[in-house]
Amino acid sequence: MHKSVFVIFILLVQFVSAQPDSLYFKPATNPNIPVWTNTNTAGLDINEVAFVNWNSGGSNSISALIGLKSMLRYQYRNFIWDSNLLARYGLNKQEEQEFRKTDDLLEISSSLGFRKNKLTNWYYSARFSFKTQFANGYSYPNTSNEISKFMAPGYLFLGGGAEYGKNIDKFSLYFSPLTLKTTFVLDSALSDAGSFGVRPAEYDSNGNLIRSGERVRKELGVLLTSAYETTLFENISIHNLMSFYTDYINDFGNVDIDWEIVLDFKVNNFVRATLGSHLKYDNDVKIQEEIVNVETDETEFVPLGARIQWKQLLGVGVVYEF
């Protein structure tokens, strides 16, 4: 009897020890528990060029770009809430020139998504985003007249629609048939000039102000965005973001385009290189050319209309995640 019990005990121990780890004292995860995920990244890119008796010539220069990115996600069953904060500011100093701004962005966004079950890739979605800048902007070398300021402009988008994403972390396609776009120009000089699409100020024949320029402009239209990120090679990733917006009332079919693509080259946990391209077109942003009248020696601004805006970025720096 004792031998039988001993044999059974040995067989039982052998059977249990032979089971995979997933069945051996591993706690089961509960999908009904809310999950909070937070990632923060701070980076500093510095580029410097110096010349001493350089035969080919050149101008000494140094530039710096500081950035902060924070992402917060709440996930519970079929509900997802994402919030993001993005801030960048860059300066450049060349020999015999004042400091010039190279980048300036403050952006806050938040999105809610809900799907009926885990089998579908479609989400009922609502989105909010706000974008502006920190400091005054100039058309260098002219620094006497600001062409943009904090909250001039400021853009707010608020809407709802549907979002498709099999892996919503890496790819998503969002369509909103009703999106409210609000443009803020909270500077009297810029709003009176009708910058960024607001109604300009009105004057009488003697130049007296009749009505101040519009500070807030509202539009209601269609918004389509696509976000995609993937790893191309080891330590090389790509981020692609596209946005298309058109207003129902004001010139429907005239599409505002915002397309940004960034390549991240990760050297190690603290050093990285970035190559980026940012293309924009907004019919409300008119380009002006500064012309000096030879006869009167006065400066005049000739409107040229809307133009494609493009920015290219290449930097190497340090990054810290916390």
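A salt bridge is defined here as a side-chain nitrogen of Lys or Arg within 4 Å of a carboxyl oxygen of Asp or Glu. The model is predicted, so local features need pLDDT of at least 70 and side-chain atom pairs count only at pLDDT 80 or more, while totals for chains, interfaces and linings use all residues. Residues are numbered from 1 along each chain as its sequence is written, and side-chain values use heavy atoms, with hydrogens and water left out.

**View 1. Overall content of the predicted protein.** The protein contains 2 helices and 18 strands; these are DSSP runs numbered from the N terminus, with helices being H or I of at least four residues and strands being E of at least two. Of its 322 residues, 28% count as buried, where buried means under 20% relative accessible area, exposed over 50%, and partly exposed in between (1.4 Å probe, protein chains only). The accessible surface comes to about 21200 Å², and 61% of this belongs to carbon and sulfur atoms; areas come from the Shrake-Rupley method with a 1.4 Å probe, and for residues only the protein chains shown count as cover. Among contacts (heavy atoms within 4.5 Å) with a separation of 6 or more, 53% are made by residues 24 or more positions apart.

View 2. Side chains of opposite charge can pair when their charged atoms come close. Lys101 is bridged to Asp104, with 3.0 Å between the closest N and O atoms. Asp104 counts as buried, at 14% relative accessibility. Arg100 pairs with Glu98, the closest N and O atoms being 4.0 Å apart. Glu98 is partly exposed, at 37%. In total, the count comes to 15 salt bridges.

View 3. Lys170 forms a salt bridge with Glu229, at 3.6 Å between the closest N and O atoms. Lys170 lies in the loop between β8 (154-164) and β9 (171-184), and Glu229 in strand β12 (residues 216-233), so the pair ties together parts that are 59 residues apart in sequence. Both residues are partly exposed: Lys170 has a relative accessible area of 41%, and Glu229 one of 27%. Elsewhere, salt bridges with shared partners join Lys181, Arg217, Glu219, Asp256, Asp282 and Asp284 into one network.

**View 4. Strand β14 and its two pairing partners.** Strands pair if DSSP finds at least two bridges between them. β14 pairs with strand β13 (residues 236-247) in the antiparallel sense over 10 bridges, and Tyr245 stands opposite Asp256 in β14. Another 10 bridges join β14 to strand β15 (residues 271-281), also antiparallel. Here Leu263 stands opposite Leu275 in β15. β14 and β15 form a hairpin with 4 residues between them.

**View 5. Val262 within β14.** Val262 is found in strand β14 (residues 256-266) and is buried, with a relative accessible area of 19%. Leaving aside neighbours within four places in sequence, Val262 contacts Ser237, Ile238, His239, Thr274, Leu275 and Gly276. The C-alpha atoms of Val262 and Ser237 are separated by 8.4 Å, although the two residues are 25 residues apart along the chain.

**View 6. The largest nonpolar core.** A nonpolar core is a set of buried Ala, Val, Leu, Ile, Met, Phe, Trp, Tyr and Cys residues joined through side-chain atoms within 4.5 Å. The largest one has 7 residues: Ala152, Tyr155, Val185, Leu190, Phe196, Val198 and Val285. Beyond its neighbours within four places in sequence, Ala152 is in contact with Thr132, Phe184, Val185, Leu186, Asp187, Leu190 and Phe196.
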